[in-house]
Amino acid sequence: MPELVSGETVAIQRGRLLADAAAAVILARADAHGGKVSDDDILYVARQWVFRKNEVRQNVIPEGQTWVFSDTLGLLRDRCGRYIMSGASQAYPHVMLLLNRWMKDCWGEHSQRAFCCTSISFNKGYAAKLHRDGNNQGPSICKAIGHFSGGRLGYFAEDDKTMELEKLKADQEAVFLDVKSAFQVFDGNRAHFVEPFTGERFSFVFFTVAKWWKTKCEVLDGLKDRAFEVPTPESMAHAQVLVPSPRGYGARQLPRMASLAIMFWQAPLRPQVVRRAWEAPRETKNHIKESNVLASLLGVHRPPRGTETDKNAATAKKAKRSKTASSDAQA
Ligand SMILES: [Fe+2]
């Protein structure tokens, strides 16, 4: 038998070895037939995986509980500040390969650019309380699988961290992201929580550890060997676009901004990307009309209508008129 990973019991190791073996079989099938990894594949492996009780993530543990089933896979920062690969990631590489392949298969349906990340938060059976994660870089994406009702991700997209969580909860309205239907984008450093649910629910949050660039090359190579799309400064810059800077919920912000955003823009976006209202594409006259109404409601300054192309066209038209006048005079 392989050595136990720190914190594992024999029973935990046994379940994880079964999960890793199942992942290897699914990957071999996908390689042989070129098929995608499905939610059902992941559910099968997740059911084999045995969690240990995590008492460290105090910021997510629901009231009345002292631990949750939550494992961090891939890169993490240890208590000494070192960037290391988690023991489970080293011991169960096929699970890492399968999860990353699944994420890429799902994400690739909506985006040509791969989602970069260093780590995966793998959770079972708990509804995280309202919290902010303080150790993330850039956006995270989340998907939940299993047979459950409820369990959407509540998200305060405009949270700039100036408001206490309790006040935020009492005074503001969250956006609810349907993590069951598809991967959803959010910024883990902004306030979020899981809606209460019933049934069996596993969730996977793919994210990047803050200051990942401090990681030693051999550790990064290990992540790449497990199919992590390790960020580069360039890919992270692109990823940041998915989560524009928050506007805050202060006195200058009209309440219920999130609801207005849902009403006008968020529903059709897949993967769900939170944008400011005036940054959303304006494809039709109705869109222009609606965004103007929204801007006036919010009392914001909108960028000028005229685009560079419009200005060039106007200049060309003016020059043509002047030339025609000149030609007429010469005639
Ligand atoms: Fe979180």
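The legends below describe close-up views of a predicted model of a protein chain.

**View 1. Overview of the predicted chain and its secondary structure.** The protein chain contains 10 helices and 12 strands. Of its 331 residues, 34% are buried.

View 2. Helix 1 is followed by Gly34, which has a positive phi near 70 degrees.

View 3. The crossing in which helix 1 passes helix 2 is right-handed. On the side of helix 1 the contact is made by Gly15, Leu18, Ala19, Ala22, Ala23 and Ile26, which meet Asp41, Tyr44, Val45 and Gln48 of helix 2. By class, the residues of this contact divide into 7 nonpolar, 2 polar and 1 charged.

**View 4. The packing of helix 1 against helix 4 (residues 93-108).** The axes of helix 1 and helix 4 come within 8 Å and cross at roughly 50 degrees, which makes helix 1 oblique to helix 4. This crossing is left-handed, whereas the crossing of helix 1 with helix 2 is right-handed. Helix 1 contributes Ala19, Asp20, Ala23, Ala24, Ile26, Leu27 and Ala30, and these residues meet His94, Val95, Leu97, Leu98 and Arg101 in helix 4. The contact of helix 1 with helix 4 has 9 nonpolar, 1 polar and 2 charged residues.

**View 5. Helix 4 and its buried residues.** Helix 4 has 16 residues and reaches 22 Å from its first C-alpha to its last, close to the 22 Å expected at 1.5 Å a residue. Its buried residues are Val95, Met96, Leu97, Leu98, Leu99, Asn100, Arg101, Trp102, Met103, Cys106 and Trp107.

**View 6. Ala210, in the loop between strand 12 (202-207) and helix 6 (217-225).** Ala210 counts as partly exposed, because it has 16 C-beta neighbours inside 10 Å. The C-alpha atoms of Ala210 and Gln137 are separated by 4.5 Å, although these residues lie 73 residues apart along the chain. Once neighbours within four places in sequence are left aside, Ala210 is in contact with Asn135, Asn136 and Gln137.

**View 7. Gln172, in the loop between helix 5 (165-171) and strand 8 (175-177).** With 18 C-beta neighbours inside 10 Å, Gln172 counts as partly exposed. Gln172 and Tyr249 are 77 residues apart in sequence, while their C-alpha atoms are 7.8 Å apart in space. Leaving aside neighbours within four places in sequence, Gln172 is in contact with Phe156 and Tyr249.

**View 8. Lys161 and Ala227, each with a positive phi.** Most residues other than glycine have a negative phi. Lys161 is not a glycine, yet it has a positive phi of about 70 degrees; this residue is found in the loop between strand 7 (153-155) and helix 5, and with 15 C-beta neighbours inside 10 Å it counts as partly exposed. Ala227, which is likewise not a glycine, has a positive phi of about 70 degrees and lies in the loop between helix 6 and helix 7 (233-240). Ala227 is partly exposed, with 16 other C-beta atoms within 10 Å.

Definitions and conventions:
Residues are numbered from 1 along each chain as its sequence is written. This is a predicted model: local features need pLDDT of at least 70, side-chain atom pairs count only at pLDDT 80 or more; totals for chains, interfaces and linings use all residues. A crossing is left-handed if the near helix is turned anticlockwise from the far one by less than a right angle, and right-handed if clockwise. Helices (H or I, at least four residues) and strands (E, at least two) are DSSP runs, numbered from the N terminus. Two residues are in contact if their C-beta atoms, placed from the backbone, lie within 7 Å. Ala, Val, Leu, Ile, Met, Phe, Trp, Tyr, Cys and Pro count as nonpolar, Asp, Glu, Lys and Arg as charged, and the others, Gly among them, as polar. The expected span of a helix is 1.5 Å times one less than its number of residues. A residue is buried if 20 or more other C-beta atoms lie within 10 Å of its own, exposed if 12 or fewer, and partly exposed in between; C-beta atoms are placed from the backbone. Axes are lines fitted to C-alpha atoms, for helices over the stretch in contact, and angles run from 0 to 180 degrees between N-to-C directions. Angles under 35 degrees count as roughly parallel, over 145 as roughly antiparallel, 65 to 115 as roughly perpendicular and the rest as oblique.
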